[in-house]
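I opened my notebook to write down what I could look up in this structure, one entry at a time. Come along and check each entry against the picture.

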Amino acid sequence: MKFRNQTFYQLLLLSSALLAAPIVKAQGKLDEYIRDGLASNESIKQQNFVLEKNVYALKEAKSMFLPEVTFSTTYTKADGGRTIDFPTGDLFNGVYATLNQLTGTNAFPQLQNQKILLNPDNFYDAKFRTTLPILNAELIYNKRIKKQQIDLQKAEVLLYKRELVKEIKTAYYTYLKAVNATDIYQSSLRLVEEGQRINTKLYENSKVNRTVVLRSQNEVSKINASLTSARKTAESARYYFNFLLNRPLTDSILSDNIKVLPANEQLGGNSVSGREELSKLRIAKDINGNLTGLAKSYIVPKLGTFIDLGSQAFDWKFNNNSRYYLFGVSLQWNLFSSGKNNYRVKQAIADQHALASQTDHVQQQLLTELKVRQAGMQSAIAQYQAAESQLKTCQTYYGDMLKLYKQGMAIYIELLDAQNQWIDAQLKTNIALYDTWIANTAIERANASFTIQ
């Protein structure tokens, strides 16, 4: 049996050439997408707002060491209440009567005993008060803690960024995997459609039976269904990738050509010291140390000074007699609090011990994660190498079966079996290749090796 139309064989050669062509690794597009994602992701923006808030909190803590000026005023209107009896008449009436007799006048009137109201009536007091702390250990520790909280939030931002980089890379490789699977199905569809066309011609010329034509039609329908599914998978992957970059979901994605394995230098590394989780725990330990110092600060007296500049008088008078200044120094020292401060110190020390234990546990946990990711990477590489070897074998097998079929030495079922094995090998190789890149991304996340600007 001999084909006059060589298109069928040419499609095979073209697909084989595409699979065997060496393509240089390039990930420039992915790097651009990562930069865009870090700049536009809403979660990162939220964390940056929290960081900005902590910066302002530090500025607030620093401002507590500076003078503070306040203005206050009071006005009182009073009647009734406690009084002081002042015997004005008893003291002066006798003397005034004698003076009137001596002078022959009534120039000195008789006085009534007075009741002076203690509550000031129609009285105001307005003043500017300036206060300045001289010695206050609580303010010192508060400023240190606020500064460390900024470092803690910076580590949190980096943690979000690193996780986002992992998600972007994983989504990108998943998208490429789906796109390449779509390409494989499209190439396979052209192959089976050409096979259907040729088998139909052969059937019309009574070279093959009807079963061959029916199987060819079934293969076209099967590949069409798989192609539709692959396109929907690629579409879903594109939606999620664009979501991570905060872009319209239907935006197109520029693809890098990735046909080689990632570098495997990270397979032997055991360092997790760059993980932001450990940085956060170290900073939290430092913060707890300052919290312990804050709890112990009660033994240091608080020393401050103030000055009042104001005016106080009755009936809203304002003159030289009403104006005043008042300067003072205040000292506050907590001498006894029924053990409350000691309990606070013990709580802070207990937190320190808990953080130290948590740090050891998390470090061991992260190291275990790294080892698991490295094992997953090694498994993915082995899977890819096996799939690649199988692809070459299936490609050769299919080529041989095609030649035998053309010569009438093989039946169509044998050719179809070789064709399906070749298509499956292409799909498995594609999946295995991008699984290695996804595994490599997981290692980058596990050892924090990706550099974030």
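This is a predicted model: local features need pLDDT of at least 70, side-chain atom pairs count only at pLDDT 80 or more; totals for chains, interfaces and linings use all residues.

**Entry 1: a term I need before anything else.** I call a residue buried when its relative accessible area is under 20%, exposed when that area is over 50%, and partly exposed in between.

**Entry 2: the overall form.** I looked up the secondary structure and found 9 helices and 6 strands in the chain. Then I asked myself why the chain is described as more spread out than a compact globule. The radius of gyration is 44 Å, well over the 22 Å that the globule rule gives for 453 residues, so the chain is more spread out than such a globule. I also looked up the box that the C-alpha atoms fill, and along the principal axes it is roughly 165 × 45 × 35 Å.

Entry 3: How much of the chain counts as buried? I found 37% of the 453 residues in that class. The chain exposes about 26700 Å², and carbon and sulfur atoms supply 55% of that area. I then turned to contacts with a sequence separation of 6 or more: residues 24 or more positions apart account for 85% of them.

**Entry 4: charges.** I looked up the charged side chains and found 54 positive and 41 negative ones. The centres of the two sets lie 3 Å apart. A reminder to myself: side chains of opposite charge can pair when their charged atoms come close. The count of salt bridges comes to 18.

**Entry 5: R129 and D308.** These two residues form a salt bridge, with 2.7 Å between the closest N and O atoms. R129 belongs to strand β4 (residues 123–135) and D308 to strand β5 (residues 302–314), so the pair ties together parts that are 179 residues apart in sequence. Are the two partners buried or exposed? I found R129 partly exposed, at 29% relative accessibility, while D308 is buried, at 1%.

**Entry 6: E276 and R162.** Here the closest N and O atoms of the salt bridge are 3.1 Å apart. E276 lies in helix α7 (residues 276–296) and R162 in helix α5 (residues 137–204), so this pair ties together parts that are 114 residues apart in sequence. I checked burial as well: E276 is buried, and R162 is too.

**Entry 7: E219 and K222.** I came back to K222 and found that it forms a salt bridge with E219, the closest N and O atoms being 3.3 Å apart. Where in the chain do E219 and K222 sit? Both are in helix α6 (residues 210–244), and because they are 3 residues apart there, about one helical turn separates them.

**Entry 8: a network.** E163, R275, E277, E369, R373 and R445 are linked in a network of them.

**Entry 9: I184.** I found I184 in helix α5, where it is buried, with a relative accessible area of 10%. Which residues does I184 touch, leaving aside its neighbours within four places in sequence? It is in contact with Q426, L427 and N430. I looked up A230 too: I184 and A230 are 46 residues apart in sequence, and their C-alpha atoms are 9.7 Å apart in space.

**Entry 10: Q47.** This residue lies in helix α3 (residues 42–63), and at 12% relative accessible area Q47 is buried. Leaving aside neighbours within four places in sequence, Q47 is in contact with Q153, E156, V157 and Y160. I also picked L303: Q47 and L303 are 256 residues apart in sequence and 38 Å apart in space, C-alpha to C-alpha.

**Entry 11: two backbone angles.** I noted that N122 has a positive phi of about 55 degrees although it is not a glycine. N122 sits in the loop between β3 (114–117) and β4, and it is buried, with a relative accessible area of 16%. A448 has a positive phi of about 55 degrees, and it is not a glycine either. I found A448 in the segment after α9 (412–447), and at 14% relative accessibility A448 counts as buried.

Terms used. Residues are numbered from 1 along each chain as its sequence is written. Side-chain values use heavy atoms; hydrogens and water are left out. Helices (H or I, at least four residues) and strands (E, at least two) are DSSP runs, numbered from the N terminus. The radius of gyration is taken over C-alpha atoms; the globule rule is 2.2 Å times the number of residues to the power 0.38. Buried means under 20% relative accessible area, exposed over 50%, partly exposed in between (1.4 Å probe, protein chains only). Contact means heavy atoms within 4.5 Å. Accessible areas come from the Shrake-Rupley method with a 1.4 Å probe; for residues, only the protein chains shown count as cover. Lys and Arg count as positive and Asp and Glu as negative; His and the chain ends are not counted. The place of a charge is taken as NZ of Lys, CZ of Arg, CG of Asp or CD of Glu. A salt bridge is a side-chain nitrogen of Lys or Arg within 4 Å of a carboxyl oxygen of Asp or Glu.
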